[in-house]
Amino acid sequence: MLPSKKTVRMPSVTQRLRDPDINPCLSESDASTRCLDENNYDRERCSTYFLRYKNCRRFWNSIVMQRRKNGVKPFMPTAAERDEILRAVGNMPY
């Protein structure tokens with residue numbers, strides 16, 4: 001009898017954070033993590049990446065607040081809508 005293979009699944013919170021429709025700052029998050037890995041977790045060397053991630057979160061949070069105030073659902077724009085917003089703003093404002 002062969003041993004059964006267990007499928008390793010990510011926790012649902014992790015899956016949601018890895019979903020580009022839910023997390024608009026996925027690439028910034030990945031870049032800061034990659035920087036930490038490459039620089040032996042020296043946070044000072046990755047401060048630029050952290051700042052970019054923080055600014056990204058701040059920008060998209062303001063969009064969510066504006067959409068919520070205007071009654072637009074879903075509050076977080078989908079990935080396709082975010083691309084349109086970024087093009088209208090002039091690419092990445094953060």
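Predicted model: local features only at pLDDT ≥ 70, side-chain atom pairs only at ≥ 80, totals over all residues.
## Helix H3

Helix H3 spans residues 47-70 and contains 24 residues. From its first C-alpha to its last, the helix reaches 35 Å, which is close to the 34 Å expected at 1.5 Å a residue. Just after H3 comes Gly-71, a residue with a positive phi of about 75 degrees.

Several residues of H3 are buried, namely Cys-56, Phe-59, Trp-60, Ile-63, Val-64 and Arg-67. The parts of the structure that cover the buried residues of H3 include helix H2 (26-38) and helix H4 (79-89).

## The disulfide of Cys-25 and Cys-56

A search of the whole structure finds 2 disulfides. One of them is formed by Cys-25 and Cys-56, whose sulfur atoms are 1.9 Å apart. The torsion about this S-S bond is about -95 degrees, so the disulfide is left-handed. Cys-25 lies in the loop between helix H1 (12-17) and H2, whereas Cys-56 belongs to helix H3; the pair therefore ties together parts that are 31 residues apart in sequence.

Are these two cysteines buried or exposed? Cys-25 is buried, because its relative accessible area is 0% and residues under 20% count as buried. Cys-56 likewise has a relative accessibility of 0% and counts as buried.

## The disulfide of Cys-35 and Cys-46

Another disulfide joins Cys-35 to Cys-46, with an S to S distance of 2.1 Å. Its torsion about the S-S bond is -95 degrees, and the link is left-handed. The pair links distant parts of the chain: Cys-35 is in helix H2, Cys-46 is in the loop between H2 and H3, and the two are 11 residues apart. Both Cys-35 and Cys-46 are buried.

The pairing can also be described by order along the chain. When the bonded cysteines are numbered in sequence order, the pairing is 1-4, 2-3.

## The nonpolar core

Which residues make up the largest nonpolar core? This core has 7 residues: Cys-25, Cys-56, Phe-59, Trp-60, Ile-63, Leu-86 and Tyr-94. Helix H3 supplies the largest share of the core, 4 residues.

Ile-63 belongs to this core and is one of the buried residues of H3. With its neighbours within four places in sequence left aside, Ile-63 is in contact with Pro-77 and Ile-85.

Arg-52 is located in helix H3. If residues up to four places away in sequence are not counted, Arg-52 touches Glu-28 and Tyr-94. The latter, Tyr-94, is also a member of the largest nonpolar core. The C-alpha atoms of Arg-52 and Gly-71 are separated by 28 Å, and these residues are 19 residues apart along the chain.

Asn-39 lies in the loop between H2 and H3. Its relative accessible area is 19%, and Asn-39 is therefore buried, since the limit for this class is under 20%. Not counting residues up to four places away in sequence, Asn-39 touches Arg-45 and Cys-46. Cys-46 is the partner of Cys-35 in a disulfide.

Methods: Residues numbered from 1 in each chain as written. Heavy atoms only, no water. Expected span 1.5 Å × (residues − 1). Buried < 20%, exposed > 50% of the residue type's maximum accessible area, 1.4 Å probe, protein only. Contact = heavy atoms within 4.5 Å. Disulfide = S-S within 2.5 Å. Core = buried A, V, L, I, M, F, W, Y, C linked by side-chain atoms within 4.5 Å.
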